[in-house]
Amino acid sequence: ACALMLYATTSVAADPATREAPTGECGTCSLSEKELVFESGDSLARLLDRVGVGPAVTHRVAEALESIVDPGAIPPGARMTVRLTADEDAPEQRFLQRLTLNSQLDRSFIVRRTPDGGYTASVRKQKHERSIEVEILPIETSLYASAMEAEASVELMLRAQRILGTRVDLQRSLRRGDRVTIVYERLDHPQSTTRHAGKLLAVTLDQRTRKTALYRFEQGGQYTQFFDKNGASVQLALIRNPVRQARLTSSFGRREHPILGYERMHEGLDYAASRGARVVAAGSGRVGFAGRNGSYGRYVRIEHEDGLSTAYAHLSRIADGIKPGRRISQGETIGYVGQTGLATGPNLHYEVRRNGTPVNPAELDLPARRTLQGRTLKTFQAQRERIHKLISQQFDQYRDDSLNVALTVDSPDSAQP
């Protein structure tokens, strides 16, 4: 087993400005606090709407949060506390004074209202002890099944799957005998015996003919991304597949329309998926259109940089808060798979255009959003080598135990410093 203490325990005293004020009266305003829990399908906009916060304020809050966390990727189970004021003369109008989002184990995200009516965001760290763990998952049928067999964290496995999916089509290319290795933070609470998976630090996929290795790298609070061994970001201008667990049913090019019965150009890709499956933004940008659009049914178009735009059609519904002009982050939920417009079954019709001209999403050559250079690259390479040593140590044990595949990486009693 391998548990190397690379991080000292972090403890940050609470800023006096963040201390809670008692609920009560403040001048002509009533002050209240509400605690909300994100459930599957919930969004920041939906929960704030439930407590009476309008879309304009929600938009400003989301913009403030974007500087420290992706507001479109808040997981189910996350908790959010909101402090609201209401004018006694107009109690139906709610004003958000403060929001505390607990979506990660080691930190809280706080949004406060400024005197000019804007919002500012900050991070408050929680006290934990951190160690590094290495989990080796031999593939028999699927990554999910291997993770369950090893009793690995489902959330951690999903994160690893999402990162690997930027470079490898896991639905088609995984084979029995492949091996996935996950390097991650383990967070231990000093006041209890509970432990949780923290940050995913690296994930590798060893296959018969290729190896894929991706590493988390943080640069001075400016950005946090995953990079390949050469320092090229895995984050592309557009992700390849905006709906998960989907099957490609129609490619780009001329075809006979399945309903209209005559041949015409098919300007995108069709993915068959379960009705209600989440559809995410392929890239960051601004919503150009959201609503009904003829044979496309419920439809969203997003304008990106460099003349690129993406479109998502036949949606059962459009996600809350998705309106023209809204700023969207890559991976944020923008709608749900449906069968609106001219469609033979639940599917997503996905288009990419460059300067208004349709292009084949499957063949689009997209550069890395960022490539590390100079001193930053050397820092990344040093971190990469430390992770390689951890993996090598764990693999030596895995190889010795490979006949019975009884890995012991979860056993804290066998951890070596």
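Contacts between residues 24 or more positions apart account for 62% of the contacts in the protein chain with a separation of 6 or more, a contact being heavy atoms within 4.5 Å. The model is predicted, so that local features need pLDDT of at least 70 and side-chain atom pairs count only at pLDDT 80 or more, while totals for chains, interfaces and linings use all residues. Residues are numbered from 1 along each chain as its sequence is written, and side-chain values use heavy atoms, with hydrogens and water left out.

The secondary structure of the protein chain consists of six helices and 24 strands, taken as DSSP runs numbered from the N terminus (helices H or I, at least four residues; strands E, at least two). Of the 417 residues, 44% are buried; buried denotes under 20% relative accessible area, exposed over 50%, and partly exposed the range in between (1.4 Å probe, protein chains only). The accessible surface of the protein chain amounts to about 21600 Å², and carbon and sulfur atoms hold 47% of this surface. Accessible areas were computed by the Shrake-Rupley method with a 1.4 Å probe, and for residues only the protein chains shown count as cover.

Helix α2 spans residues 55-65, and its buried residues are Val57, Thr58, Val61, Ala62, Ala64 and Leu65. Viewed down the axis of α2, these buried residues fall within an arc of 160 degrees and therefore line one face of the helix; the arc is that of the directions from the helix axis to the C-beta atoms. The exposed residues Pro55 and Ala56 are carried on the face of α2 turned away from its buried side.

Strand β8 (residues 129-138) is mostly covered, with nine of its 10 residues buried. β8 and strand β9 (residues 179-188) run antiparallel and are joined by 10 bridges, where pairing requires that DSSP finds at least two bridges between two strands. Arginine 130 stands opposite leucine 187 in β9.

Rings of Phe, Tyr and Trp (its six-membered ring) pair if their centres lie within 6.5 Å, with planes under 30 degrees apart counted as stacked, over 60 as edge-to-face and the rest as tilted. By this rule there are seven aromatic pairs. The rings of phenylalanine 217 and phenylalanine 227 have centres 6.1 Å apart and planes at 80 degrees, so this pair is edge-to-face. Phenylalanine 217 lies in strand β11 (residues 211-219) and phenylalanine 227 in strand β12 (residues 223-228), 10 residues apart. Phenylalanine 217 is buried at a relative accessible area of 1%, and phenylalanine 227 is buried at 0%. The rings of tyrosine 312 and tyrosine 350 have centres 5.5 Å apart and planes at 35 degrees, so this pair is tilted. Tyrosine 312 belongs to strand β20 (residues 308-318) and tyrosine 350 to strand β23 (residues 347-354), so the pair ties together parts 38 residues apart in sequence. One aromatic cluster is formed by Tyr215, Phe217, Phe227 and Phe380.

A nonpolar core is a set of buried Ala, Val, Leu, Ile, Met, Phe, Trp, Tyr and Cys residues joined through side-chain atoms within 4.5 Å. The largest such core has 30 residues, of which Tyr312 and Ile334 touch the most other members. Two or more residues of this core come from each of β16 (269-272), β19 (298-303), β20, β22 (333-337) and β23, and β20 gives the most, with four residues. Another core lies apart from it and has 24 residues, among them Leu48, Leu65, Met80 and Val111.
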